[in-house]
Amino acid sequence: MIEADLLLALRERFGHGAFRPGQQAVVEAVLRGDDVVAVMPTGGGKSLCYQLPALLLDGVTLVVSPLIALMKDQVDALRELGHEATFVNSSLDVSEQRERLRDVAAGRYRLLYVAPERLSSPRFLEAVASMKVVRLAVDEAHCISQWGHDFRPDYARLGELRVLVGNPPTAGFTATATSGVREDVVRQLRLANPRVFVAGFERPNLRLIVRRPGSVAEKMDLLGAAMRESGTPAIVYAATRKNVDLVASHLASRGFEASAYHGGLDSESRARVQDAFMSGERPVIVATNAFGMGVDKSDIRLVVHYDVPGSVEAYYQEAGRAGRDGAPADCVLLYNYADVRIQRFFLDGANPEPSMFGAILERLRAGRAGAADLALASPSKNPIAAETALGMLRRAGAVVREIDADTGEEVYAIGTLAEDGSAPIDLDHLRAKRAGDEERLRSICGYAAGSACRRAYVLRYFGSDEARERCEACDRCQGIGVAAARDLDEHERKIVRIALSGVARVNDRFGRSRLAQFLFGGKSREVTEAGLDRLPTYGKLADLPLRTVGDLLEALADEGLLHRRALDGPGSGAILSLSDEGRRVMLDDPPLRLALPGLGRAGVRMPREPKRSSRAPRLAPTGPVDVNLASRLRGWRLGEAKKRGIPAYAVFHDATLEALAAMHPRTEAELLTVPGIGPRRVATFGAELLQVLGAEEEIR
Ligand code: ADP
Ligand code: ZN
């Protein structure tokens with residue numbers, strides 16, 4: 001089908017004026033009969049990719065979707081547009097199901113939506129075998145993978161279903177992208193040389209920013225600053241109800257009209273809060289991740305994450321609610337390593353230890369018990385994990401719920417166990433799921449702690465080939481906050497070694513705050529009581545601000561020179577110790593390239609000095625680095641590197657680039673005074689470089 005026809009069909013059948021990014025290529029591949037894996041963000045418009053072909057092909061497209069609640073809405077929406085679509089799931093009675101299946105077999109429908117649980121119904125399988133199925137579309141295809149966050153055992157039968165309906169071309173759709181999940185989709189759906197599309201993740205109008213507050217007070221300051229800078233409407237996501245209330249009341253005390261939204265509110269209050277936000281009456285909403293599904297407000301200017309979320313998927317989906325109108329918007333993650341503990345707690349709650357099942361059964365062998373007693377009997381300190389384990393045992397039939405005849409309370413008793421008396425729970429799957437959840441948590445920490453371009457990290461995470469080395473619209477590319485990775489000079493390396501030796505001296509005993517106090521030479525009781533003020537390294541970094549010493553320790557841990565050992569209990573930090581790499585650096589003083597905060601003399605983040613009028617050659621970089629110019633120069637360097645097929649550093653080192661941005665050379669002679677630029681480079685790049693530098697001058 002030619003392009004104009006496709007567009008016409010899109011307009012006529014759906015009333016959309018244009019395809020969203022990636023849609024057209026997927027539609028074409030599905031029409032052509034290729035097997036397809038399409039990864040698109042939630043809300044990116046996946047459904048259209050199989051719906052449009054379904055309307056243009058002769059026969060029925062079978063759509064498997066786990067979201068029973070949404071199935072009816074989808075089908076209703078299609079029917080409203082005049083399209084022949086229907087669904088079959090457990091919400092319909094048997095005779096209704098039978099009738100619909102008969103109608104599909106008679107060719108009355110183009111689209112049949114089914115829930116995966118249908119795949120274990122022999123009657124259903126018999127019925128579909130006699131249909132003319134021209135395409136199979138699998139929505140939320142990550143549910144097929146045990147690595148996915150949402151594994152559905154019924155999805156394991158999709159391969160068989162495909163054979164049963166005559167092996168039609170098949171497409172899997174998902175917003176989750178890790179390679180393990182994608183491989184599972186390809187293998188289990190038995191896709192042949194599938195075309196893989198990753199699209200819609202690039203959101204150029206979003207500025208991605210990570211800040212690293214060291215305390216709650218600092219978090220609140222950064223939050224207020226973000227509100228003032230980016231404006232409203234704004235969503236602030238926090239991980240717990242408690243934090244939602246905390247942040248909302250803090251913002252209110254600072255004069256922001258913020259309302260709180262979380263699952264603890266009754267549905268009426270939730271609706272009221274949501275409406276007030278949607279209408280613009282209350283421009284700031286502080287919420288748990290319960291807020292946002294189906295929220296379609298296009299002019300959100302800021303999404304702040306007060307706590308780190310559990311995965312890059314979750315982060316990008318929530319942050320992506322900003323700037324739907326295409327105008328600039330900011331996504332700010334306030335990342336404090338200690339907050340990862342909240343997510344760990346959730347993760348442990350969702351993934352009970354295998355020993356928990358035995359412990360619950362053990363308790364029930366002694367007699368029936370209520371949920372609270374069972375939680376006490378479980379080996380974990382995490383009550384949510386006990387609840388999860390109980391739920392899994394119930395679904396497996398190993399535990400049944402009864403009502404105590406005397407008290408009228410709910411109690412639990414042993415149901416049907418495996419032959420050897422153990423709980424019929426798939427522990428391998430449990431392990432795989434935990435590993436997947438941990439991997440996802442690591443990935444968002446990697447995003448926050450990484451020193452490279454944020455957007456490149458996200459796009460690479462989703463497997464998108466839109467990823468470039470730099471985006472010029474994230475804190476790393478723009479040089480906001482902590483510096484990007486750079487080659488450390490001798491002075492900085494010395495500071496690093498002092499910090500490392502300070503940690504080594506009290507190895508594996510203290511966290512960032514106390515270590516910073518110690519190196520800074522603080523006089524608090526924390527320091528004196530532990531006798532830290534009597535150690536030789538005490539106060540060795542007194543020249544730096546206390547906060548910088550803390551940032552430095554954090555950065556050294558991010559870079560792997562220090563090892564973090566997490567403590568129990570939310571809010572508590574991590575104990576720092578020297579890693580092998582840290583020890584090597586401390587002893588050998590090798591060349592170092594790290595992302596560190598500005599360290600006084602070598603710091604780069606100072607106010608720009610007044611423009612000089614003199615054009616005489618200067619001998620050394622006297623001025624501070626102009627970050628805007630540095631960023632333009634980097635863009636130019638990337639272009640040059642691509643053009644010549646060489647790595648960027650082969651054009652100019654970062655250090656040279658920063659020197660250029662500090663010295664503002666005007667002539668070839670001035671260029672030669674910049675460290676790292678010799679006659680050969682001037683001959684190759686001089687003219688263009690001066691143009692970039694000159695253009696910069698005119699912009700100002
Ligand atoms: P998801 O990728 O989460 O399945 P949907 O398929 O539900 O997303 O699409 C999200 C919304 O985007 C729907 O309201 C749909 O009508 C709309 N949409 C999809 N494609 C287009 C398009 N080309 N132009 C405008 N709106 C679109
Ligand atoms: Zn960037």
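## Two ligand sites

Let us begin with a contact to ligand 1: a polar side-chain atom of Gln23 lies 2.9 Å from one of the ligand's nitrogen atoms. Keep in mind as you read that this is a predicted model.

| Residue | Atom in the residue | Atom in ligand 1 | Distance |
|---|---|---|---|
| Gln23 | polar side-chain atom | nitrogen | 2.9 Å |
| Ala18 | backbone N or O | nitrogen | 2.8 Å |
| Gly45 | backbone N or O | oxygen | 3.1 Å |

Taken alone, ligand 1 exposes 570 Å², and the protein buries 65% of that area. The residues surrounding ligand 1 include His16, Phe19 and Arg20, along with Pro41, Thr42, Gly43, Gly44, Lys46 and Ser47. Sorted by class, this shell has 3 nonpolar, 7 polar and 2 charged residues.

Now for the metal site. Which residues coordinate the zinc ion (ligand 2)? The SG atoms of Cys453, Cys471, Cys474 and Cys477 do, at 2.3 to 2.4 Å. Along the sequence, these donor residues follow the spacing C-x17-C-x2-C-x2-C.

What arrangement do the 4 donor atoms make around the zinc ion (ligand 2)? The arrangement is tetrahedral, because the angles they subtend run from 102 to 119°.

Are Cys471 and Cys474 buried or exposed? Cys471 counts as buried because its relative accessibility is 13%, and Cys474 is buried too, with a relative accessible area of 0%. The cut-off behind both calls is that buried means under 20% relative accessible area.

How values were computed:
Residues are numbered from 1 along each chain as its sequence is written. Chains are lettered from A and ligands numbered from 1 in the order in which they are written. This is a predicted model: local features need pLDDT of at least 70, side-chain atom pairs count only at pLDDT 80 or more; totals for chains, interfaces and linings use all residues. Side-chain values use heavy atoms; hydrogens and water are left out. A residue is near a molecule or strand if one of its heavy atoms lies within 4 Å of it. A polar contact is a pair of N or O atoms within 3.5 Å; within protein, one must be able to donate a hydrogen and the other to accept it, and residues adjacent in sequence count only if both atoms are side-chain atoms. Accessible areas come from the Shrake-Rupley method with a 1.4 Å probe; for residues, only the protein chains shown count as cover. Ala, Val, Leu, Ile, Met, Phe, Trp, Tyr, Cys and Pro count as nonpolar, Asp, Glu, Lys and Arg as charged, and the others, Gly among them, as polar. Donors are N, O and S atoms within 2.8 Å of the metal (3.2 Å for Na, K and Ca); water is not among the atoms, so sites may look incomplete. Four donors count as tetrahedral if all angles lie between 85 and 135 degrees; four count as square planar and six as octahedral if opposite donors are over 155 degrees apart and all others between 65 and 115; anything else is irregular. Buried means under 20% relative accessible area, exposed over 50%, partly exposed in between (1.4 Å probe, protein chains only).
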